[in-house]
Amino acid sequence: MTMNNRLKRILQGIFWILVYLFLTLLPVMVMFLPPRPPGREFIRELSVALGFVGLAMMALQFALTARFKTIKAPYGADVVYQFHRQISILAFVLILIHPILLFVPQIHPISILNIFSPETPWRARFAVTSLLALCGLIVMALWRKPLKIEYTRWRIWHGVLATAAVAFAMLHVLGVNWYINVPWKRLLWAGYSIFFVGLLLYTRVWKPWQLLRTPYRVQEVKPERGGCWSLILQPDNHAGFDFQPGQFAWITAFSSPFKDAEHPFSFSNAPAGDGRLRFTIKELGDFTRRIKELKPGDVVYVDGPYGAFSIDRHPYAKEFVFIAGGVGITPVVSMLHALAQRNDPRPLLLIYGGRDLESLTLRDEIEELQGRLNLKVVYVLENPPEGWQGEKGYITREVLDRWLLPERRKNQTEIFICGPIPMMNAVEDALARMGFFAGDVHSERFDLV
Amino acid sequence: MRSRLMTALTVAIGLMILLISLLFAAVQSGLLG
């Protein structure tokens, strides 16, 4: 990548972080502006400030997950989701501190939490309901898998609880009516509410409606090595979209796009020019196990493309290294196909880890691509066949040391990693210790929740 | 690496929020200014 491109992306990244900070702190900044209501105890004012910031952060969470391509472009979609996840814990802590600060010095009696008591004002009932929704939201998001909540059901509840948490918190602010004492300050909160409702309409109505108008038809469902299925889709009476190799899309099958039952998968083909898409999907959960039930002609909806995990973002690289584990090979195969299509002469190295030779998904395609590219492939097998001379076990620092030669230089070799999370963490750490510049290492994480 | 950067960013945002909120509370309660 040229320094200009990199600088531009860094500046874009910083810009959106500053916008986020500004919108988060805007309520407190507005509270500072006169006319201010009379001052009260320090602890109460601190509690109010944290509550307002927490609410702004909750409302902004909807913007982070609304799939605005301009916001996600500098970072990649998985980074934005990771931020969404981490920052939600911060927002939760701030919102939790808000009532605690009011109860500890007994500014309000703890009995106000009893929403069924006739003495409890509505503003407190709204606050308690919002907090309960938020607690449910956090518990379900952090422990979805141990609680055995199916992904599609979880997504529906996540949306319902998040909407309830923000809506009831807004009602609480209106009910307290302290820092919204003048019309223009009320206008700010009306603005936040409109923004929030607008985002809901955009994600729940506008986007699904767009998807409904641009359906795809299943052309073929093909079994692949390693318990995977390749799903080939053709746009149905529209041009489809162009994508960069390595990117991904959200797929809705067996259901309407209004039902919010999407799943993210990488493209495993190169952009074909005719809108045709291929996804290679491993049977891992309830949805993925049903992929094989799709028949030619069935309707599927595709929202994409997303992601920053692509060779096309680094056109000036001198060489590319791909490190993949299991089904993490799919975006890599997409990039290899694109490089072959373009007769790209640059040296390429693929380190591909898997259980055994037979279960390496898309291995036959990779071997065919080897003939068309300047590509060296290193398989790392957990259970190698008898007499295997290649790498064994996992993709460790030792394996990387043997294949990633020290003369590979900063800003010239771009490294792409995709696979199971423990493998990606280990490889990222090993590459950092080997002296690879973090900006040259790119990873795609699909374990979003 | 990226996870650590993200955690650092979240902590930095948290600290900034805390600082501004403390400042607001101090001014509004009359402790400052």
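In which sense do strand 1 and strand 6 of chain A pair, and over how many bridges? Strand 1 of chain A pairs with strand 6 (residues 299-306) of chain A in the antiparallel sense, over two bridges; two strands count as paired if DSSP finds at least two bridges between them. Helices (H or I, at least four residues) and strands (E, at least two) are DSSP runs, numbered from the N terminus. Within this pairing, A:Arg217 has A:Val299 of strand 6 of chain A as its bridge partner.

The structure is a predicted model, in which local features need pLDDT of at least 70 and side-chain atom pairs count only at pLDDT 80 or more, while totals for chains, interfaces and linings use all residues. Residues are numbered from 1 along each chain as its sequence is written, and chains are lettered from A and ligands numbered from 1 in the order in which they are written. The predictor's confidence in each residue is expressed as pLDDT, from 0 to 100. Chain A has an average pLDDT of 90, and 97% of its residues score at least 70. Among the elements of chain A, the lowest mean pLDDT, 74, belongs to helix 3 (residues 69-72), and the highest, 98, to helix 8 (residues 329-341). Where pLDDT is low, the predicted coordinates should not be read in detail.

Strand 1 (residues 216-224) of chain A also runs antiparallel to strand 2 (residues 228-235) of chain A, with eight bridges joining the two. A:Glu220 lies opposite A:Ile232 of strand 2 of chain A. These two strands of chain A form a hairpin with three residues between them, and A:Gly226 in the turn has a positive phi of about 75°.

Chain A is divided into domain 1 (3-211), domain 2 (214-306) and domain 3 (311-444), with bounds taken from an automatic or database domain assignment. A distance of 34 Å separates the C-alpha centres of domain 1 and domain 2 of chain A. Between these domains of chain A, 13 residues of domain 1 are in contact with 12 residues of domain 2, where contact means that the C-beta atoms, placed from the backbone, lie within 7 Å. On the side of domain 1 of chain A that touches domain 2 of chain A, helix 6 (151-176) and helix 7 (183-213) of chain A each supply at least two residues. Helix 6 of chain A gives the most to this side, with five residues.

The largest nonpolar core contains 68 residues, and those with the most contacts inside it are A:Ile323, A:Val332 and A:Leu350. Such a core is a set of buried Ala, Val, Leu, Ile, Met, Phe, Trp, Tyr and Cys residues joined through C-beta atoms within 7 Å. A residue is buried if 20 or more other C-beta atoms lie within 10 Å of its own, exposed if 12 or fewer, and partly exposed in between, with C-beta atoms placed from the backbone. Helix 8 of chain A provides the largest share of this core, seven residues. Apart from neighbours within four places in sequence, A:Val332 is in contact with A:Phe322, A:Ala324, A:Leu350, A:Phe416 and A:Cys418. A second, separate core of 47 residues includes A:Leu50, A:Met58, A:Ala124 and A:Leu134.

Chain B has one helix and zero strands, and buried residues make up 18% of its 33 residues. The contact between the chains takes 19 residues from chain B and 27 residues from chain A.

Note on methods:
Contact = placed C-beta atoms within 7 Å.
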